[in-house]
Amino acid sequence: MAVTAGATWYQYYTDGGITSGLSDNQPHFTLNDKNITIYSGAFHYFRVPRVYWRDRLKKMRAAGLNTVETYVPWNLHEWQSGLYDFGDGGSDWEDFLHLEEFLNTAKEEDLFALVRPGPYICAEWEFGGLPSWILRNTSTVRSSKDDTYISYVERYFSILLPILALLQFQNDGPIIGFQIENEYGNTGESDTEYLQTLQQMLLDNGIKELLYTSDPPSVGSRGAVPGVLQTANFNSNPTWQLDTLNSLQENKPTMTMEFWTGWFDHWLEDHHTVGPDQFQSLLEEILDYPSSVNMYTFVGSTNFGFLSGAGSLYSDTNNSGLQPTTTSYDYDAPLTEYGNYTTKYYIVRGVLAKRNQIPVDTPDPPAPTEITAYDTISIEKQLPITYLIENSIYRLNGLGTYPMETLPINTNSGQSYGYVVYRKRGLDIPADAELRISGYVRDTVLVLINGELVSPIPQEKSDVNGFGFWRLENSTLTLTDTAVQNATLDLIVENFGRNNYGGLSQFRQFKGLTDPVYINEEQLEDVSIFPLQFRVSENLDLLRSRDWQDSAAGTQGPTLYRATLTIDSEPLDTFIDMRDWTKGIVIVNGRVLGRHFFLGPQQSLYLPIGPYLKQGDNDIVVFEHYQGADSIKFSSVPIFGGPTRRFDFGGGGSPMQDFLRVEEFLKTAQEEDLLVLLRPGPYICAEWEFGGLPSWLLRETSSVRTSKDEKYMYYVSRYFRILLPVLAKYQFQNGGSVIGFQIENEYGYTGENDTEYLLQLRQLFLDNGIVELLYTSDNPNDNGRGAIPGVLQTANFNSDATNNLDKLNQLQDGKPTMTMEYWTGWYDHWTEDHNTVSAEEFRNTLEEILDYPSSVNFYMFVGGTNFRYLNGANTLYSGTNNTGYEPITSSYDYDAPITEYGNYTEKYDIVKEAIASRNPVKTRTPDPPEIEAAVAYPDIPIENQMYLQTILDNLDTVFESEDVIPMELLPTKDNSGQSYGYILYRKVDVNVEADSVLKLQGYVRDTVLVLVNGKLMSPAPRNSSDLDGFGFWRRRNSELVISESDDLGNVTLDILVENFGRNNFGDLSQFQQFKGLTDSVYLNDQKITGWEIIPMEFDGERLYGWMDGTEDRTVPSVYRGSLLIYDQDVKDTFIDMREWTKGIVMVNGFVMGRYFFLGSATDFVYTQALVSVRYQ
């Protein structure tokens, strides 16, 4: 019977009966003696729920493919030594392992199959698909030199291959080819005997279809088997790759076995993608070579459970180069991890339709998979990890630090996945004892003493270089600063994924601890080992436990958190948004879903139906290593990126990291015999940028400092869960220096009566371990509007002490009197006079306070600096009216008792005398330290100039937007927006005629420069009245005539806007502090659209294109000079800015602060020795 158009692939290639399979006996493939170009895509059945196999196969067929390729993972199918699972075999993954069903379904959907049965498969899969139990009895793997390894392969193949043999094309099945091993050339070995042994095993077990190998052509024939087809793996330069392949063999078909459609992700790296244009170009070059192709991978998928693999940068057992792979295996493939179409999918469909000459019908693509974002659910219960340890089904006593694979469990197959706990009881741990883990941790470790976490919590990527992670050899940790008797020490070690690729020495992948552990150089012996495998049966037992406790906010350390997702209708796939969590795993209905790690790039976990979600109640458990969240959020899209909750408490990677070591500060205060009062916010005022609130809040909230905005309260809660446990350790009752905590700051000034907001903040303090005194502070004239029932009120003022303190005491009975802010001076706004308070006035008010009597906190006692862009501002008007904007200077000297640069003033002596004469507790008061004077270095010339235009041309970050948007809304910094500095709005090819008028709708926020083709067009200010004109914040709907007489034609228009500091004080409407341009821009009354937007923060960006000398000082520019200072001579200094106009100063790449010639308050920029130039 002749096959007509509209036939299927099977009809075409089996018409007249099957007489032969896939043949490589000529320069092109034939199947059943008919020419065939293989259009294949990789689909790993073990990475996709069984319920979706047919859906994905249908979509592959609808793309025009004729073949599906898959690996077969040994470690799942022989899950314990001698125990096999090919569906319903009793393992946790039995529902993913119906191999026969998968292949039969492929045939039903009109797809042939290429099978890669291993034993090694790579695939970024745990241990490359090898079962971990082979490590117990072998000295190497993937080698003919280890008879035990070969015997295990032979045993496994004797079970697997007969199953596959029945499904061969010549037996009326779908399989047309089998791969021998996988990329063996990448091992660097030339063990042809090993590969021929595998070849013979295939033949001995009934395999008669085409055999082949696959490697990158660059390895030559190292992974080849004589007489067996070689195929190529690559993702670039197809013609060269295929030419090289064909030079290795004659008269053979050309086959690209792995055309990498995207790439996989390692934790801590960026998310990988390959653009559609590049993908299409490479695919067409492959097909037009001509070559058959298998797209690796075609179906994005998931490394469910603990089954992600890892790379390794180094040979042997050096673990410092471990590169663990993420749970997501989306791969930027034509079909996504959740089965939906991408641009690449339609590229494939179009490219194949143009080239396929076989008269077969291509079905329409099925409907996309529906994804939903379920409502957020609250954490209801929690359980400490010690419960799991103490209730482990295995307890192995009297051992040392043995790796998990060697443990005598699981019918002597050892432990494959999860965590292993090493416990030592009855330890007497001296103060400052040092724990040393010799060798490498494999792969992460949590250290607990009596159930409390003592190892550090990671805050940023560089922390992975320190204790607790795989990169550090012979890592050490100071356990406790006080002696602990009869302690229980737990070391919880996580297998983060075994290496799946590389040289043979890199496959000695034991996990856990493999070397001794010491405390003060005394080796720990008689250690008990507890495997935590998180198997389904164990997890279901855990869910049935009656020991779950009510959720408690602020918990730190390894804990299980439980929530319930109730689905009333048919369940749909979703993603769990893990951005609020730190590190660990997620378990759904007893089955481990995957891993989370806040450092990214994966920030969500794909949660499908099938073995996971069901209609009704779904139990979701998060095992969190460090700090959990109070809820579980869902998303309808995957989330990739770096850490979205970046915290810095010193060394955290922010530009201010050296200023943020709050723990060091608190310890130093105690060492210097000082108690501490802390005001942790979230709002602090302090004449600080945005009152200490992060600008990214503006993206997410409609209001701040209110209980009415749930998102705002969520972010406060998240921040406090990180901050307050850090501070709690330093409370006085915990042996530290902190005696009190302020709730919010001067809330009475907002004019609100939102007691609920203040009560919620108070509860956050309590929930996060704060036990010291809580208080509020306000001006007493606000009549207690910022107070909390039962919480101490304190007073802020700078005069009329008796009247203020009388009012304070009228607001509360039987409470101590505390002046929380006695203002010792005042701060400065640009363009105003410098503010001071005389020593006599200061003395009189201070003595009045002390003699009232009242305790007192001097605000400020130590003058400081608003480094970088971190000065705040005030505003005279409510709402977003910018007319009354009052930016604060970089100097925060405050006329304080100790100056900005650390020197004593007359007020310092007044304080010392006043306290000495009144303090009833006669403590020793040390002599004041000697002052190291600042110096005036010699003047230095300007050596180089760089035009603003040059800087802009060298910046890589450019965003396109139809309309202008403020800096906070830019999709930058992991969608945190731009916080500080400058933002440039560029319009290319705009026609500027004579007398053209540029109009900036609304207010400029806060200053603006207008350039045309790099030339400054806006006026330079000459006196303070110019601030009422174009270029500054006071004018609404400001206009500028760009060209008074000339027709400039098509030009590049640049509008550079400076954020001069966000408001830090006032009513709630004054905190909508978006910066840049927030309204439209017009030229001759025509709205300008189609902008390029460029953020400029000068945060470490390298500047290229310096000119020698200075050429044109009228153009906005960066100027550079060099100051040579020898180490022994480095001193603080001030930079005299009186000859400059307006801008910022950078020293060694650090933005010191702002200058403005109109500000007599700050004619100098204070430069600390810590950041001044040490070498030219």
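Let's start with residues 558-618, where the chain is 0% helix and 54% strand, with end C-alpha atoms 23 Å apart. Everything here comes from a predicted model, so please read the distances below as computed from that model.

**Annotated domains**

- The stretch 558-618 is listed by UniProt, together with 1116-1156, under "domain: Beta-galactosidase galactose-binding" in an unreviewed entry.
- Another UniProt listing from an unreviewed entry, "domain: Glycoside hydrolase 35 catalytic", gives residues 29-352 and 662-916.
- Residues 29-352 are 27% helix and 17% strand, and their end C-alpha atoms sit 17 Å apart.
- For residues 662-916, the chain is 31% helix and 16% strand, with 30 Å between the end C-alpha atoms.

**Where Asp146 sits**

- Asp146 belongs to the loop that links β6 (112-116) to α5 (147-165).
- Leaving aside residues up to four places away in sequence, Asp146 touches Thr138, Ser139 and Thr140.

- Asp146 is buried and has no salt bridge.
- The nearest side chain of opposite charge to Asp146 is Arg508, at 6.4 Å, and a salt bridge requires the atoms to be within 4 Å.
- A polar atom of the Asp146 side chain lies 2.7 Å from the backbone nitrogen of Ser139.
- The backbone nitrogen of Thr140 is 3.4 Å from a polar atom of the Asp146 side chain.

Notes
Residues are numbered from 1 along each chain as its sequence is written. This is a predicted model: local features need pLDDT of at least 70, side-chain atom pairs count only at pLDDT 80 or more; totals for chains, interfaces and linings use all residues. Side-chain values use heavy atoms; hydrogens and water are left out. Helices (H or I, at least four residues) and strands (E, at least two) are DSSP runs, numbered from the N terminus. Buried means under 20% relative accessible area, exposed over 50%, partly exposed in between (1.4 Å probe, protein chains only). Lys and Arg count as positive and Asp and Glu as negative; His and the chain ends are not counted. A polar contact is a pair of N or O atoms within 3.5 Å; within protein, one must be able to donate a hydrogen and the other to accept it, and residues adjacent in sequence count only if both atoms are side-chain atoms. Contact means heavy atoms within 4.5 Å. UniProt positions are given in the numbering used here, feature names are shortened, and annotations may be inferred rather than shown by experiment.
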